[in-house]
Amino acid sequence: MFRRPLIAGNWKMNEDLKGSLSLVRGILGGLNKSRDLPEIMIAPPSVALSVLAEALKGSPVRLGAQNMHWEESGAFTGELSAAQIKDVGCRSVILGHSERRQMFGDTNETVAKKLKAALGAQLQPVVCVGETLDERETQKTWRVLETQIRGALAGFAPADLAALVIAYEPVWAIGTGKTASPEQAEEAHRFIRGQIEKLYDERLSSSVRILYGGSVKPDNIDRLMIEPDIDGALVGGASLKAESFLRIIQFESAGTSS
Ligand code: PGA
């Protein structure tokens, strides 16, 4: 089944408004529109969302948030709801990033609630999963991935999950310069696809896009994208410079992977 590649940039807590606008202008200005581009998404800090929504109007780049709360409204200081991020122009949202799991208390249970709210608001959810170094070294990778996938994704109807995107981000590869080898990533992606098939069906598992994240750079994207179950990338550090993000977007087999 053809899965359109998706390249997403997670800016984390970087850039002020001026820097955000100039980065977006750099990306838009450098896109080679004559080639078959992958789907492109950027997730800037929430304070820049409404300004960037304006700047991205009519462009092929979709806007995403880095997180959201599952409740519709209320006394949740510092949080944003699905409706609020949608209202400022987001069409996607990253859920359960490992930094949120490690530092801000996200769990499989809260990720499941956020996923339900995101799907209810017709936002494209990008659900992040991945093992720590200790878990990998003690042979717990598959158990951890299974728990994260089941914990976040169980209990939906397969049709509800049509827009779902998963990001496999081994924690030991994030921001460390250590990328999982293409073979390691492919093995994990295949495992995740298998879990989705077990939980739901072959139709959903073969259509869901699974991104790889963790030190994706211009010099490793082409090789990663050759793997049959790697459908794109969630890029942190290298999405903060237009030049490197553009090179990743325009990976060698862009538009031809399936
Ligand atoms: P990195 O971050 O590309 O800087 O490793 C990836 C991520 O955390 O999404």
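This is a predicted model: local features need pLDDT of at least 70, side-chain atom pairs count only at pLDDT 80 or more; totals for chains, interfaces and linings use all residues.
How far is an oxygen atom of the ligand from a polar backbone atom of S215? The legends below start there.

View 1. Residues are numbered from 1 along each chain as its sequence is written, and side-chain values use heavy atoms, with hydrogens and water left out. For S215, the distance from a polar backbone atom to a ligand oxygen is 2.7 Å. G175 also uses its backbone, with an N or O atom 2.6 Å from an oxygen of the ligand. K12 brings in its side chain instead: an N or O atom there sits 2.7 Å from a ligand oxygen. On its own the ligand exposes 280 Å², and the protein buries 97% of that (Shrake-Rupley method, 1.4 Å probe).

**View 2. The shell around the ligand.** There are 13 residues around the ligand (a heavy atom within 4 Å), and K12, H97, E169, G175 and S215 come nearest. Sorted by class, the shell holds four nonpolar, seven polar and two charged residues, with Gly counted as polar.

**View 3. N10 and its surroundings.** N10 belongs to strand β1, residues 6-10 (a DSSP run of E, at least two residues). Beyond neighbours within four places in sequence, N10 is in contact (heavy atoms within 4.5 Å) with residues including A43, Q66, H97 and S239.

Technical notes: A polar contact is a pair of N or O atoms within 3.5 Å; within protein, one must be able to donate a hydrogen and the other to accept it, and residues adjacent in sequence count only if both atoms are side-chain atoms. Helices (H or I, at least four residues) and strands (E, at least two) are DSSP runs, numbered from the N terminus.
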